[in-house]
Structures are given as C-alpha cells and as structure tokens.
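Let's take a walk through a protein model together. Keep the picture open while you read, and find each spot as it comes up.

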Amino acid sequence: MIENFVFKSESIFTPNFTFTYHRSVCPIPNDVLGNIVLIEGGKILKQFPEEGDNKNWLTSKLWKYNVFDWEYPEIKQLNEFIREQYVSLMTEIGREPEKTYIQCWANILYQPDRCIVPHHHSDGHAIGNAPQKYSYLSGNLCIETYNTSTYFRNPFLDRDYIGIPNVDSEMIMFLSFVN
C-alpha cells in the first residue's frame, strides 16, 4: 500500500466550459521517476530512431511501449498509486471501480516553450488490449516542471480552454474526451 495521498476534486468554469478534474500528489520521488524515464526513454529513442513525427521526441513513439512494462519497483508503485487514485475517484462519484487497463507514456520536454496538444480520446493512442475508443479517464503526472501549464480544451468549442499550472509530483485525472 502506498502512503497516504492528497486527493481532491475541483472545477473551473468559463462561459462555455466546465472542467472538473481530480488532483493528487504522487509519493514516489521525482528524481527517481525522472531518472527511470531518461534511461528507458533513451533506449526507446535508440530502438525506434525513425519512428514518429519527430525522431528525437519520446512522445512520438508512444505506441511502441507502456511505461508500466518497465521493470522497476518504483514503476510498480506508480501503477499501484494510479490504481488507488482511480478507486478513490470512483468511490467519490459513487461508482463501482471496474477492472482497468492503464496505458502510460512519457513526455520529455527539453524546450520550455514546447507545446503538446493531447488527444486522449483518439485511436492514435490505442495500444495493447485497450482501444482508445474505450478510454474514459486520462491523467497527467508532472515529474519536474519549469513554470509551465497544461491547457485543457473543450472538444466542442475550439475557442475555450483552461490552463492549470503544472506542479512537481502532481497528477491530474480528467475525462478523456477533453483535449
């Protein structure tokens, strides 16, 4: 069992977009997770040098791996932590937790101004036994941040988005239809 964690629900409102998300703090040290991502990410970049839109960008190879396949005790703890967060979220909203498949990939942003436009609802992220069309919950865990934010966009109204500052060790869970 992972140590106690902070878990809270919040909502942000704009005239055309209500964004509800769930925030928690990962108990695994940032430097440990960061080193694992750098080591394993480097292996993936070497293994698939010509795959993806940008050959030097780990995210462009997200369909080639699942972080939870990496053999480290801290990765197993991370998987357990995320599952505990999922169960807490389902309990909070009065739903019975279901058996889940968790797909996890990493982003390494070397440029502070790099912009990632996530589409967690697209089949482009389908891997293994879980086609993305069955995805209903997504998350973003920041290991190390540099004065950045993650922007969430209403998929039906292109003009409305909400920015949430990234915080080291913080995970945000949100509905997958949000871009």
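Helix 1 and helix 2 are roughly perpendicular to each other, a label for angles of 65 to 115 degrees (under 35 degrees is roughly parallel, over 145 roughly antiparallel, and the rest oblique). Their axes cross at roughly 110° and come within 10 Å. Those axes are lines fitted to C-alpha atoms over the stretch in contact, and the angle runs from 0 to 180 degrees between N-to-C directions. Helices here are DSSP runs of H or I with at least four residues, strands are runs of E with at least two, and both are numbered from the N terminus.

Which residues meet where the two helices touch? Val32, Leu33 and Ile36 in helix 1 meet Glu74, Ile75 and Leu78 in helix 2. Contact means heavy atoms within 4.5 Å.

## Where the numbers come from

This is a predicted model, in which local features need pLDDT of at least 70, side-chain atom pairs count only at pLDDT 80 or more, and totals for chains, interfaces and linings use all residues. Residues are numbered from 1 along each chain as its sequence is written, and side-chain values use heavy atoms, with hydrogens and water left out.

## The chain as a whole

Zoom out, and you can count two helices and six strands. Along the sequence they come in the order β-β-α-α-β-β-β-β. Of the 179 residues in the chain, 39% are buried; that means under 20% relative accessible area, while exposed means over 50% and partly exposed is in between (1.4 Å probe, protein chains only).

## Inside the cores

The largest nonpolar core has 26 residues. A nonpolar core is a set of buried Ala, Val, Leu, Ile, Met, Phe, Trp, Tyr and Cys residues joined through side-chain atoms within 4.5 Å. The members touching the most others are Leu58, Tyr65, Phe68, Trp70, Ile75, Leu78 and Ile82. Helix 1 (30-47), helix 2 (73-92) and strand 6 each give two or more residues to this core, and helix 2 gives the most, with seven. There's also a second, separate core of six residues, with Tyr21, Ile162, Ile172 and Phe174 among them. In soluble globular proteins, nonpolar side chains tend to be buried together.

Ile172 sits in strand 6 and is buried, at 7% relative accessible area. Leaving out residues up to four places away in sequence, Asn79 touches Phe68 and Ile102.

Most residues other than glycine have a negative phi. Asn147 has a phi near 50°, a positive value, and Ser169 has a positive one as well, near 70°. Asn147 is in the loop between strand 3 (137-141) and strand 4 (149-153), while Ser169 is in the loop between strand 5 (161-165) and strand 6 (170-175).

Are these two buried or exposed? Asn147 is exposed because its relative accessibility is 84%. Ser169 has 14%, so it counts as buried.
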